[in-house]
Amino acid sequence: MYGIDFEETYAPTVRYDTLRLLFAIAAIEDWEIHQMDAISAYLTGELKENIYMRLPEGYDALEGEFCHLLKSIYDLKQAA
């Protein structure tokens, strides 16, 4: 929320040692390993807040026009 935690960012990451350990255990126990690509998981998320942005450079717009975002975009603080 703006004024409370707006400037904070959090990106959970995993250490490579942890991944190596999990892969080793999976190999010993003969487990199957599945992968999921979650890089763009938040790119199509619905926004709960009303967020407006200036139009991108090069966009032919009248003075004072703006966009009302319905979906999150990359690097938006409210995305995740």
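Buried means under 20% relative accessible area, exposed means over 50%, and partly exposed lies in between (1.4 Å probe, protein chains only). This is a predicted model, in which local features need pLDDT of at least 70 and side-chain atom pairs pLDDT 80 or more, while totals for chains, interfaces and linings use all residues. Residues are numbered from 1 along each chain as its sequence is written, and side-chain values use heavy atoms, with hydrogens and water left out.

View 1. The order from the N terminus is α-β-β; helices (H or I, at least four residues) and strands (E, at least two) are DSSP runs, numbered from the N terminus. Of the 80 residues, 8% are buried.

**View 2. Ile25 in the helix takes part in a nonpolar surface patch.** Helix α1 spans residues 16-29 and contains Ile25. At a relative accessible area of 33%, Ile25 is partly exposed. Together with Leu21 and Trp31, Ile25 makes a patch of about 320 Å². Patches are made of residues with over 30% relative accessible area and no salt bridge: like charges are joined within 9 Å, nonpolar side chains (Val, Leu, Ile, Met, Phe, Trp, Tyr) within 5 Å. A salt bridge is a side-chain nitrogen of Lys or Arg within 4 Å of a carboxyl oxygen of Asp or Glu. Areas follow the Shrake-Rupley method with a 1.4 Å probe; for residues, only the protein chains shown count as cover.

**View 3. One aromatic pair is found in the whole structure.** Tyr52 and Phe66 pair edge-to-face, with 5.2 Å centre to centre and 85° between the planes. Tyr52 belongs to strand β1 (residues 46-54) and Phe66 to strand β2 (residues 66-71), 14 residues apart. Rings of Phe, Tyr and Trp (its six-membered ring) pair if their centres lie within 6.5 Å; planes under 30 degrees apart count as stacked, over 60 as edge-to-face and the rest as tilted. Tyr52 is partly exposed at 47% relative accessibility.
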